[in-house]
Structures are given as structure tokens and as C-alpha cells.
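Work through the following exercises with the sequence and the model side by side. Each task is followed by a worked solution.

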Amino acid sequence: PIILAVSFWLLFMRRHELAAAPLNTMPALGWPVFVFGLLLFAFGRSQDILMFQAGSQILVLASLLLIFRGTAALKVAFFPLFFLIFMVPLPEALVAAVTAPLKSAVSAVASGLLYSLGYPVGRSGVVMTVGPYQLLVADACAGLNSMFTLEALGLLYMNLMNYTSVARNAALAILLVPIAFGANIVRVMILVLVTYHFGDAAGQGFVHGFAGMVLFIVALVFMLITDHLLGLVMPAQKSARA
């Protein structure tokens, strides 16, 4: 819902550009895309495939712009429509394939760092042992969802900053993946330390939920630092959007 709201807000902010865009309607292209989007939604609805149901809306909105306004308007609305991709759920097969190695990597790095700091931490697969406690690195701590969300935030940040340097945008988008991975490691380490020092109840209580907020705070700070460092070697070029 937040992604949807942000996308419509971005469209609203571009309303004057949309109104001023040259009128060059393309119904020959728009109507087939519109029909395909409706068929995709109907198929997804009948087969309970949420990815098709959500993804079809992007095609429907793009086709309506082609039918009533044309390619110039579609170009203006490209990013808001592209941003809706982050509203589409990831395929379950992809989530299952990526989550397991991510969990193992997060638990391995977190346990290694804590052990090097002198904590009695052991690991067996995705189960970490610290003192008398055992902690399971669950799917939510794997980092896939946070990577997906952070990519959305990063792209929104770059769009709001109006960067036109393709190299800088691509570099920051790629670097957001290890940033999200590192933020998840910090999250797991916080939970392990809280559990070790204050007990299992503390680690599974408020702190467990708050650690998720810490993850995004850490990730956003790292993103801003990375963007600043990229700016030293790739000077920002901002578009003149009113």
C-alpha cells in the first residue's frame, strides 16, 4: 500500500508535465497492452497468483496513457509506473531459492564477528548458540525482503534527487544489495547481544521488533554515506525538473 501511495503521489507531482506533454495518442499499441493487462489480471485472479494480479495494473495504467495521451505522457510517468514493480510480490520459487543461502551467510558472518569480539558464539547451519541460548535465523532475517524494500527506497531517493548520471544511479542501486546485507548482519548481532546480556525474553520482545527499525536506519545511513562517496568520484548531475 505504501508503494502504491508513493507512486500516485509521484504521478500527482508530475500532473502539470503530463498535461503539457504533446498529444500523440497510440491506440494501436495501447489497446493490445490494455487487453493483455486485463487478461493477465483475470488469469491471476482465477488462479490466485498475486504477482499477476498486481503486475497487470502497471500494464493497464501504461496502456491508458498510450491510448489517451501518447508516448510523451508515458515517458513523463515512466518512473511512477516503474516504481509500482516494488508492489508486486516476489515469486515464491525465487524467495525459497535465495532465502536459504542468505540466511546461512548472515548467520555465518554475524557469528564470526561476535566470536572475534570474544563472545561465546557457535553456529550450526542457521542456528546460532550464544551462552545458554539458541537463536534461529528465520526467513525474515535473511535480508531478501529488506533488500527489495531498500532498493525501492534507494530508487525513490535517486529520483527525488533528480540525478541524471546513469553510472552513479546504477552504482548506488548495485551497492544497495551489500548495504542491505550488512544491515541485516547488524540486526542479527543486536538480537544476539540483547539475548546474551538480558535473556531470551528481552531478545524476543520489543527489541526484536525494534531491531527491524534499526535495520532500515542503519541501511539508510549507509546509503547516504555511499551516495556521498560516489559523489566524490561521480559529480551529481541534476535534471532541471520544475
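**Exercise 1.** Determine the strand order of the open sheet and which strands lie at its edges.

Solution. The sheet is open and has three strands in the order β1-β2-β3, paired in antiparallel fashion, where strands are DSSP runs of E with at least two residues and helices are runs of H or I with at least four, numbered from the N terminus, and where two strands pair if DSSP finds at least two bridges between them. The edge strands, each pairing on one side only, are β1 (121-124) and β3 (133-136). From one strand to the next the twist averages 25°, with axes fitted as lines to C-alpha atoms (for helices, over the stretch in contact) and angles running from 0 to 180 degrees between N-to-C directions.

The model is predicted: local features need pLDDT of at least 70 and side-chain atom pairs count only at pLDDT 80 or more, whereas totals for chains, interfaces and linings use all residues. Residues are numbered from 1 along each chain as its sequence is written, and side-chain values use heavy atoms, leaving out hydrogens and water.

**Exercise 2.** Describe how β2 is joined to β3, and find the helices that pack on the sheet.

Solution. Strand β2 (residues 127-130) runs antiparallel to β3 and is joined to β3 by four bridges; V130 stands opposite Y133 in β3. Helix α7 (residues 92-116) packs on the sheet and touches β1 and β2, its direction making about 160° with that of β1, contact meaning heavy atoms within 4.5 Å. Helix α9 (residues 166-198) also packs on the sheet, touching β2 and β3, and its direction makes about 155° with that of β3.

**Exercise 3.** Is I225 buried, partly exposed or exposed?

Solution. I225 lies in helix α11 (residues 206-233). Because its relative accessibility is 45%, I225 counts as partly exposed, the class between buried (under 20% relative accessible area) and exposed (over 50%), with a 1.4 Å probe and protein chains only.
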